[in-house]
Amino acid sequence: MTDAVIKCESVYKIFGANAKKMLQESNGNVDAKTFQKKGCIVGVNNASFEVSKGEMLVVMGLSGSGKSTLLRCISRLTDATGGKIYIEGQDLLSLKNKELIELRRNKMGMVFQSFALLPHKTVLENIAFPLQIKGVKTEDSINKAMDMVKLVGLEGRENYFPRELSGGQQQRVGIARSLAVEPDIWFLDEPFSALDPLIRKEMQDEFLRLQEKLKKTIMFITHDFDEALKLADRIAIMKDGIIEQLDTPAKIVLNPATEYVKKFTEEVPREKVLIIEDVMEKSNNDNISDLKVSKDEIIENVAEKILSQEKYVGVTDENNKIVGTVHPSKIIHTVFGGRKNNE
Amino acid sequence: MELLKKYPKLFQWLFLLFVFLALCFAIDVPETYKFIRGQAEFVKDPNQSTYTLFGKEVRYYAFDVLWRLPPLLGWLPIWINDFLFFLLNEWMPMEFWNEDTQEYKTRPLVLQITRNITASMTFLIELIREILLGGVKTVVSFTSWDWIDKNPWAELPGLPWTIVVAGGAILGYKLSGKGLAIFAGLVLIYISVFGQWKPSMQTLSFILVAAPLSFIFGLTLGIMAYKSKRVEKALYPILLVMQTMPQYAVLTPAMVLFGIGDHSAVIITMVVAIPPMILLTLLGLRAVPSEVIEAGKMSGCNNFQLMTKVLIPTARRDILIGVNQVIMVCFSMAVIAAFIGAKGLGWNLLLALNQLNIGLALEAGLCISLIAILLDKMSLAWANKQEDYFGNLTFFQRYKNSLFFAASVLIGIILAYAGSFFFKDSFNYLSEIPHNKGISFADFWNRGVDWIWDTFFQTLKIFNTWLITEVLQPMRALYLRMPAVATLVLVVGAGYIIGGIRSAFTVGGLALFIALSPWWDRALVTTYMATFGVVASCIIGSIVGTLCQQNKYTTNFMLGVCDIFQTFPSFVYLIPVMMLFGITDTSVLIAVIVYATIPATRYTIEGLRSVPPALHDAATMSGVTKLQRLFKIEFPLAFPHMMLGLNQTIVFALFMVIIGAFIGTEDLGQYILKALSDKKGAGKGLVLGICVAFIGLIFDNLIRTWVEKRKKHLGID
């Protein structure tokens, strides 16, 4: 895989005095409980995955599941205890401090849960901060920062201090700051968790709009499964430091790998997650109705139309060629079946 | 038995008390024992024995070991002295170039270093002093006396007081607005009109040197401690001892190393002011959210950028509170440093107190307090000030404060120049109002004191005698009656019950050090005075605090009063009590009580206020009465915080007891004061200071450990 921007090979992060030694002795079979007895806490346990260019990987887990720790290993805010991490083919853990700073100045941007704005700088200065640290001329950095202000829609507030902004606005500043150096890799650590539900939805939509335009390689951390479903290309679900399942939203909803994952998927309204392609039958049936739907439609949007039919409905691909069929009963089964007591 | 299971700690305490009392009664007072007034350990006495230790003769009383431990640490001060002497006069002689005689001279290294520090400090102080007051020494240090004789015009003129008043007011306006500006103006005008200008500016110049230097050193050390665990661990015990060490005690070693004068006063002040600065820097840097640090790192900061552009600006407020603390310590030292020859208000205050001229002392004290309050308010305003965006202001708006100041300098100079024609034959009142030429109310105050004495003498005397004979002396006798072993058992036992084996060892070690020093009896007297003060302060403080807390306005009022009282340099408290009670133990104790009541009140209020309002509402909805709520909900929850207040109260009380030695008490403070006038007093002063610090630390350790456990139990923090 040449276009894997982030690549992790059995990454471990274990907190404690003798973590490194104990990890070596355990030969890779890390059991959280035995480690805990010896005073070590396992943050990340054998994480291996790749994120390819332009892809958005959402890491979902409850608090204490090690998702933030994993992100901090990959941004090297903490050093991983074991394993290999490659950023665009570079071995991250072997980088010297100077090279690391260089990497961060040019390739990485990060957004934080509590915004982490500098209280003594204005919006504009906050956004220009990474540029100025890098040594960009003041005028250029201010111009660039002004572009960013426009990008996140904060025109007119560039001379405000963070304390004068609402939570949503502050996070817009955080996003703008992380994008100021035009990084290829974008880390977001629960960026919307501290916001009110309505603002959160607004910010998610905004975020999708930005990503549509920018096409960054993204690692997004969240504890909100709905958010993960809404945003992700692929989702990694973590529990106790272990990645329980890593797959596309649809596959996770349809085939939860473990009991733990199932608990999340049970409550998910499938019609909002699945697309027609996920539920269609490949077999070519001649007996189809006049209605045709695209295979990329989300079920919710076409359910009513399909349910009004009695026969199979044809599914088309982007070239308007029929690639499969779906029966109205399948829609009903998808939406109402498979929930708690119906399995 | 059931009671026992329910309260296991209670049983432990009772058992400890029982053992303690049993020991007290079992060990009789030896016949040879008496509390000696005078220098017990250096006076030949028929009951004294001697033995030689490391070539030094140590005298001690042939006490029963259970009754008093032998003063095995008696050699410590002597050693410290000899060590300092050796360091200063014999260690590492080297050749140094001498500017005056133009030749090389052999001098010990440390002596040369201290002399160099002395010279640079003196230069700095003179420089600032002469900017404020005028003089020739700064010019001299760049040229020579001969040159000055030839060029009599080359003299710093000194700022006219009008300019300083305007400058103070403008600074006050910039920091906080009209209120502070008016206050600053009034204070400075008061100082000038009452003829305290010169000593005030002397004190100010001394603070303007000591405070910035302390700030720089404290900040640097604080940053180093933040970056390296090892530095922090090395600094921690020093910081701890310095917090409880009476400021008197550092005077003597500094005197030996740096001599007498303003420069060593500055050095002393720095020694005392740096620890709080370190602590607050450390605290501020620790409080920076980890995400902000990570954001800095992800923006690509290197270590230096992270410190200067992210950490320090974010911790700005705490660091500036540190500056405030530094300034306050400098003021309290301004008086104490007068003992080793710092000129200024403190010197005048000391002189007036020595002559029992209460009126003059009051004026000097008032001046110090006013300046202290002013600088306190200014530095706090600076700390709380939030930056404003000024990119869109016009030139005039942006620089209006500087412009106003420039204008006032001009007007001030013109006024002073005009004044020199107007007041041709006498002093130029528009430039400087000389000392003793201003308005003075000293006589009025003195007459007031006389009147109080004439009118209330009998009442006060009766009260005084009653207090001393009925309360103080029995209490003192009780403390002195404790056998050393019993006291040690009590301290170690308390440590064990509260904090387990670790705590027991710590407090036991601290107590043992005092017991083995030659000043155990004195330490007991110090403790008795402090205990009396603390008990009284706590009763007053908790009652006043609780009453005031019932109402929002009284709460704010009381906290404001506490703020103001806390800014007074501790010495100032001695003035009114001497006015009322003369030179007796009562005066000291009352000063102790007044001074120590401040933290007691403040922490009571803050503790009660920290009870979450939701609990308040929950209690009200359960239908409790006001008293029930107070006793069942608020007190138990506020208790840990109030205990921290007790901690502060003890430290304050100990400080005041030691300072009270100036009036004349028979405790450790008296010895520290004596060590000041003793040529070989450095070691003694230091060890005595450590003894006092250790008394404080014993209580500090016990209370802190208890509070931490209790807070964990209640789930606070």
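Keep in mind that the model is predicted.

I'll start with the two chains. On the chain A side, 20 residues are in contact with 19 residues of chain B. Three elements of chain A each supply at least two residues to that side: helix H4, residues 97-107, strand S6, 108-111, and helix H5, 123-134. H5(A) gives the most, with 4 residues. By type, the side of chain A that touches chain B has 11 nonpolar, 6 polar and 3 charged residues.

Next, the helix pair. In chain B, take helix H9, residues 197-227, and helix H10, residues 229-244. Their axes come within 5 Å and cross at roughly 125°. An angle over 145 degrees would count as roughly antiparallel, and 65 to 115 as roughly perpendicular; H9(B) and H10(B) are therefore oblique to each other. The crossing of H9(B) and H10(B) is left-handed.

Which residues meet there? From H9(B) we have B:Leu221, B:Met224 and B:Ala225, and from H10(B) B:Val231, B:Glu232 and B:Leu235. That makes 5 nonpolar residues, no polar ones and 1 charged in this contact. On the spacing, a general point: residues three or four places apart on an α-helix point the same way, because there are 3.6 residues a turn.

After H26(B) comes B:Gly623, with a positive phi near 80°.

How values were computed
Residues numbered from 1 in each chain as written. Chains lettered and ligands numbered in written order. Predicted model: local features only at pLDDT ≥ 70, side-chain atom pairs only at ≥ 80, totals over all residues. Axes fitted to C-alpha atoms, helices over the stretch in contact; angles between N-to-C directions. Parallel < 35°, antiparallel > 145°, perpendicular 65-115°, else oblique. Left-handed = near helix turned anticlockwise from the far one by under 90°. Contact = placed C-beta atoms within 7 Å. Nonpolar A, V, L, I, M, F, W, Y, C, P; charged D, E, K, R; others polar.
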